[in-house]
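Please keep the sequence and the structure in view while reading.

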Amino acid sequence: SHGWGPEWSGRIGIGQRGQLGTQGWRVGHEPMPPTIGTNVLGRKVLYLPSFFTYAKYIVQVDGKIGLFRGLSPRLMSNALSTVTRGSMKKVFPPDEMEQVSNKDDMKTSLRKVVKETSYEMMMQCVSRMLAHPLHVISMRCMVQFVGREAKYSGVLSSIGKIFKEEGLLGFFVGLIPHLLGDVVFLWGCNLLAHFINAYLVDDSVSDTPGGLGNDQNPGSQFSQALAIRSYTKFVMGIAVSMLTYPFLLVGDLMAVNNCGLQAGLPPYSPVFKSWIHCWKYLSVQGQLFRGSSLLFRRVSSGSCFALE
């Protein structure tokens, strides 16, 4: 199976990190000036403060509670997503999945992977759509730190404010790039892992009753093949997650853009007409991967931060 579980473990840890820190600099909030450092070539470059530096700053300003802004709706969002996936498995139980083997021809093996991935994609898209309103609330609770605002507090009161000011569509701003990122991530991981595991990892030992040659323990070779397959999924998950990070960034920016919070308005952010407009703007600025790193955050050539 190529399954990644609920939310695929938060996209293998990429982009779902410790709440407020990365969300603040994702929206362009840089309360501390960059410092001069050197890269591996010995050249001087500007580095922005790391996650841990900002964590200390948040504690100084907001106390330790400030590190957990938006945590409640985020936990509710993850729980709803998990429950949704579990319920869908009961209502639409998956067919018996056949194990892909290197004995299969290209057409047969691809058919198996496509069938399984299509099923996973359906579950993920539905769970994402149902949980997205809570994600929007979580994002807005977090970025209130930028303007020291208190517009969004409890989940129920936030639901009322969004519905009153933006209508039903307000709960689904930023949904499309998130869905696209999920789909690209899932298909990319499953297809890459399939081709590597099916055609580069040799599991012929499992099909030979007496083992191969003088091998005294063919079962251990098969165990090694299984281990390699599991590592392949993990590595592919990290690689594809990094490539799809811009979808996550754009979706999160759209969730807070022009919602009445300072973080979604100039000078921190232009008012975007659509998520495509947001993508193009970040691309021109060289900031499509803004906030993706916890430690070594170089200032991009097109960056223009609002420093306090």
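A residue is called buried when its relative accessible area is under 20%, exposed when that area is over 50%, and partly exposed in between, using a 1.4 Å probe and protein chains only. By that rule cysteine 125, with a relative accessible area of 18%, is buried. The model is a predicted one, in which local features need pLDDT of at least 70 and side-chain atom pairs count only at pLDDT 80 or more, while totals for chains, interfaces and linings use all residues. Residues are numbered from 1 along each chain as its sequence is written, and side-chain values use heavy atoms, with hydrogens and water left out.

**The chain as a whole**

- The secondary structure comprises 10 helices and five strands; helices (H or I, at least four residues) and strands (E, at least two) are DSSP runs, numbered from the N terminus.
- The chain has 308 residues, and buried residues make up 47% of them.
- Its accessible surface comes to about 15,700 Å², and 65% of this belongs to carbon and sulfur atoms. Such areas come from the Shrake-Rupley method with a 1.4 Å probe, and for residues only the protein chains shown count as cover.
- A contact means heavy atoms within 4.5 Å. Of the contacts between residues at least 6 apart in sequence, 76% join residues at least 24 apart.

**Cysteines and disulfides**

- A disulfide is a covalent bond between the sulfur atoms of two cysteines.
- With a disulfide taken as a pair of cysteine sulfur atoms within 2.5 Å, a search of the whole structure finds zero.
- Cysteine 278 is buried, at 0% relative accessibility.

**Salt bridges**

- A salt bridge is a side-chain nitrogen of Lys or Arg within 4 Å of a carboxyl oxygen of Asp or Glu. By this rule the count is five.
- One of them pairs aspartate 62 with arginine 148, with 2.5 Å between the closest N and O atoms. This pair links distant parts of the chain, 86 residues apart: aspartate 62 is in helix α3 (residues 51-62), and arginine 148 is in the loop between α5 (106-147) and α6 (155-166).
- Aspartate 62 is buried, with a relative accessible area of 18%, whereas arginine 148 is partly exposed at 45%.
- Asp62 and Arg148 also belong, with Arg69, to a network of salt bridges.
- Arginine 140 and glutamate 166 form another salt bridge, at 2.7 Å from N to O. Here arginine 140 in helix α5 is linked to glutamate 166 in helix α6, 26 residues apart.
- Arginine 140 is buried at 0% relative accessibility, while glutamate 166 is partly exposed at 28%.
- Glutamate 165 and lysine 151 are joined in a salt bridge whose closest N and O atoms are 2.8 Å apart. Because glutamate 165 lies in helix α6 and lysine 151 in the loop between α5 and α6, the pair ties together parts that are 14 residues apart in sequence.
- Glutamate 165 is partly exposed, at 47% relative accessibility.

**Nonpolar cores**

- A nonpolar core is a set of buried Ala, Val, Leu, Ile, Met, Phe, Trp, Tyr and Cys residues joined through side-chain atoms within 4.5 Å.
- The largest nonpolar core has 18 residues, and those with the most contacts inside it are Ile137, Met139, Val143, Tyr152, Ile162 and Leu261. The elements giving two or more residues to this core are α5, α6 and α9 (245-256), and α5 gives the most, with eight residues.
- Leaving aside neighbours within four places in sequence, tyrosine 152 is in contact with residues including Arg140, Glu165, Glu166 and Leu261.
- A second, separate core of 10 residues includes Leu248, Val250, Cys278 and Leu282.

**Helix α10**

- Cys278, Leu282 and Gln285 are buried in helix α10 (residues 275-285). Seen down the helix axis, the buried residues of α10 fall within an arc of 65 degrees, so they line one face of the helix. The arc is that of the directions from the helix axis to the C-beta atoms.
- The face of α10 turned away from its buried side carries the exposed residues Lys280 and Val284.
- The cover over the buried residues of α10 includes α9.
- Glycine 286 follows α10 and has a positive phi, near 70 degrees.

**Arginine 128**

- Arginine 128 is in helix α5 and is buried, with a relative accessible area of 9%.
- Arginine 128 and leucine 80 are 48 residues apart in sequence, and their C-alpha atoms are 9.2 Å apart in space.
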